[in-house]
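Here is a quick tour of a protein and its ligand. Have a look at the structure first, then read on.

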Amino acid sequence: MSFTIAIDGPAASGKGTLARQIARKYGFHHLDTGLTYRATAKALIDEKLPLDDEATAARLAGTVDLAHLDRAVLSAHGIGEAASRVAVMPAVRRALVDAQRRFAGQPPGTVLDGRDIGTVVCPKADLKLYVTASPDVRAGRRLQEILRDDETATYEAVLADIRRRDARDMGRSDSPLRPAADAHLLDTSEMSIETAFLAAKALIEEAMRRKQAD
Ligand code: C5P
């Protein structure tokens with residue numbers, strides 16, 4: 001038996017931190033699906049290939065190895081922007097979603113976070129969370145992260161980037177970012193990560209009891 005948790009939400013909402021904490025607490029496998037789009041974008045950039053050639057991008061997406069996604073390299077700010085451009089192409093999504101579905105379902109459980117986990121990748125997940133926060137709170141959090149490497153970053157530029165990424169992720173026609181009808185909403189704008197974790201934990205344990213009773 002395997003327990004699947006789907007976590008979706010916009011950039012810098014806190015979903016990644018939450019997903020990692022949940023995976024650690026329950027001993028579940030974790031996949032940050034954003035890294036798979038980032039790895040595809042980085043492969044295109046490294047080969048000096050265009051970001052918008054769907055057949056080429058899908059071919060490289062098919063070579064992404066989920067066991068070797070290097071967060072330290074892939075989390076670079078510029079790669080996120082390129083990833084969101086690559087992620088609008090249906091053939092790229094098909095290749096990556098296939099690999100993500102193979103990852104889900106491993107015992108004893110999996111946590112996948114991204115933009116379309118509850119709606120497309122794992123529509124039958126045992127629990128779905130949609131983690132969000134206001135754009136200004138997310139820009140403030142992202143700025144703190146970026147300032148560690150780049151002290152010239154500004155709040156205005158980061159907020160503009162977040163808004164552009166939200167518009168692209170929510171506005172695309174294939175698998176737009178939106179909460180699944182049966183997702184629990186978690187607005188972390190005024191919540192510490194600890195409070196968000198406790199709220200998620202209560203929902204997980206209730207869903208686990210329900211599944212065992214079935
Ligand atoms: O979450 P992260 O910022 O790493 O994601 C980078 C980009 O990858 C997102 O802006 C989004 O366009 C894309 N993505 C997606 N579907 C997912 C995960 C990420 O389209 N499940």
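## The ligand and its pocket

An oxygen atom of the ligand sits 2.8 Å from a side-chain N or O atom of arginine 165.

| Residue | Distance from a side-chain N or O atom to a ligand oxygen |
|---|---|
| Arginine 93 | 2.8 Å |
| Arginine 165 | 2.8 Å |
| Arginine 172 | 2.9 Å |

On its own the ligand exposes 450 Å², and the protein buries 96% of that (accessible areas by the Shrake-Rupley method with a 1.4 Å probe).

Keep in mind that this is a predicted model, where local features need pLDDT of at least 70 and side-chain atom pairs count only at pLDDT 80 or more, while totals for chains, interfaces and linings use all residues. Residues are numbered from 1 along each chain as its sequence is written, and side-chain values use heavy atoms, with hydrogens and water left out.

Which residues come nearest to the ligand? Out of the 15 around it, they are Arg38, Arg93, Asp116, Arg165 and Asp169 (a residue is near if one of its heavy atoms lies within 4 Å). Sorted by class, this shell has 8 charged, 4 polar and 3 nonpolar residues; Asp, Glu, Lys and Arg count as charged, Ala, Val, Leu, Ile, Met, Phe, Trp, Tyr, Cys and Pro as nonpolar, and the others, Gly among them, as polar. Helices H2 (34–46), H5 (77–86) and H9 (155–171) each bring at least two residues to the shell, and H2 gives the most, with 3. Helices (H or I, at least four residues) and strands (E, at least two) are DSSP runs, numbered from the N terminus.

The ligand takes up the space of the largest pocket, whose volume is about 1,000 Å³. Of the 43 residues lining that pocket, Ala12, Arg38, Arg71, Arg142 and Glu145 are closest to its centre. The lining divides into 18 charged, 13 polar and 12 nonpolar residues. A pocket is an open set of points on a 1 Å grid over the protein atoms alone, where a 1.4 Å probe fits, with protein on both sides within 12 Å along at least five of seven lines; lining residues have an atom within 4 Å of a point.

## A second pocket

The second largest pocket holds about 160 Å³ of space. Its lining has 7 nonpolar, 2 polar and 2 charged residues, including Leu60, Val64 and His68.

## Two backbone details

Alanine 12 has a positive phi, near 60°, though it is not a glycine; alanine 12 lies in the loop between strand S1 (3–8) and H1. Elsewhere, a cis peptide bond joins proline 107 and proline 108, with omega about 0°. Proline 108 belongs to the loop between helix H6 (90–103) and S3.

Notes:
Polar contact = N/O pair within 3.5 Å; in protein donor to acceptor, adjacent residues only side chain to side chain. Sits in = over half its atoms within 2 Å of the grid points. Points joined across faces, edges and corners; volume = space filled by probe spheres on them.
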